[in-house]
Amino acid sequence: MGLFYRYLYLTDAASLQSDMYGELGRGDWRNGITQLNIVDGNTVEPVQDYTKTEVGYEFRSKFKDDTRNPPAVRFTPAELRAMIEQVKSEVDDPFAAPDFEPLRGWLETHGDDVIAEVGHEDSLRKQFRMKWNDDTGTPYLKVQRRRQDSKTGDDSWLISSPTLGPGEFEGVFEDVSVP
């Protein structure tokens, strides 16, 4: 654990100023980095039943070559709080230490599936999905969002999404205190 803890505000965080926007945590991986950032709440599209706030959070993955960076997935504080609570209800708290092993155990038991979700079937949804990397066999948490087209009914998932393998997950949450 690092000496400096950055607190993940899981409230509406109205007291945060724009100069506080930026990186909360970072996890390095073979081909790039994954970050958890504080962002302007106006850049966050909340799912149904949640409202815009002054600040938001985003997970963002960046490749070293910068040619195929997936779009960030952004959350309101309440959305992220709900997602974290759902994960904690499924496994021993992986955020406290941080420790990816409870997530790996969940994946081994449940297979490729959603561990947390906010939103509704017929509108915007945001998810944490546990998956195995096809190339390396490494488990990872995929942060994804989906929208259903109201006219056609077609689902539209992000083609690529931010991901957190064991090292990235532990790196992102190493200096972030999650209440």
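Visitor: Let's start with the largest cavity. How many nonpolar, polar and charged residues are in its lining, by class?

Guide: Rolling a probe the size of a water molecule over the atoms shows where empty space is left. Here, the lining of the largest cavity has nine nonpolar, no polar and no charged residues. (Ala, Val, Leu, Ile, Met, Phe, Trp, Tyr, Cys and Pro count as nonpolar, Asp, Glu, Lys and Arg as charged, and the others, Gly among them, as polar.) Bear in mind that this is a predicted model, where local features need pLDDT of at least 70, side-chain atom pairs count only at pLDDT 80 or more, and totals for chains, interfaces and linings use all residues. Residues are numbered from 1 along each chain as its sequence is written, and side-chain values use heavy atoms, with hydrogens and water left out.

Visitor: Which residues line the largest cavity?

Guide: F59, L80, I84, F95, F128, L141, L164, F169 and F173. (Helices, H or I of at least four residues, and strands, E of at least two, are DSSP runs numbered from the N terminus.) The cavity's volume is about 40 Å³.

Visitor: And how does a pocket differ from a cavity?

Guide: On a 1 Å grid over the protein atoms alone, a cavity is a set of points where a 1.4 Å probe fits but cannot get out, while a pocket is an open set with protein on both sides within 12 Å along at least five of seven lines; lining residues have an atom within 4 Å of a point. Grid points are joined across faces, edges and corners, and a volume is the space filled by probe spheres set on the points. In this model the largest pocket holds about 680 Å³. Its lining has 23 residues, with W29, R30, N133, Y140 and T163 the closest to the centre. By class, that's eight nonpolar, nine polar and six charged. Strand β8 gives the largest share, three residues.

Visitor: Which residues touch the most other members of the largest nonpolar core?

Guide: A nonpolar core is a set of buried Ala, Val, Leu, Ile, Met, Phe, Trp, Tyr and Cys residues joined through side-chain atoms within 4.5 Å, and buried means under 20% relative accessible area (1.4 Å probe, protein chains only). Of 34 residues here, F59, L103, I115, F128 and F173 touch the most other members. Helix α1 (residues 77-90) supplies the largest share of this core, five residues.

Visitor: What does F173 contact, beyond its neighbours within four places in sequence?

Guide: Taking contact as heavy atoms within 4.5 Å, F173 meets L36, F59, F95, P98 and V178.

Key: Buried < 20%, exposed > 50% of the residue type's maximum accessible area, 1.4 Å probe, protein only.
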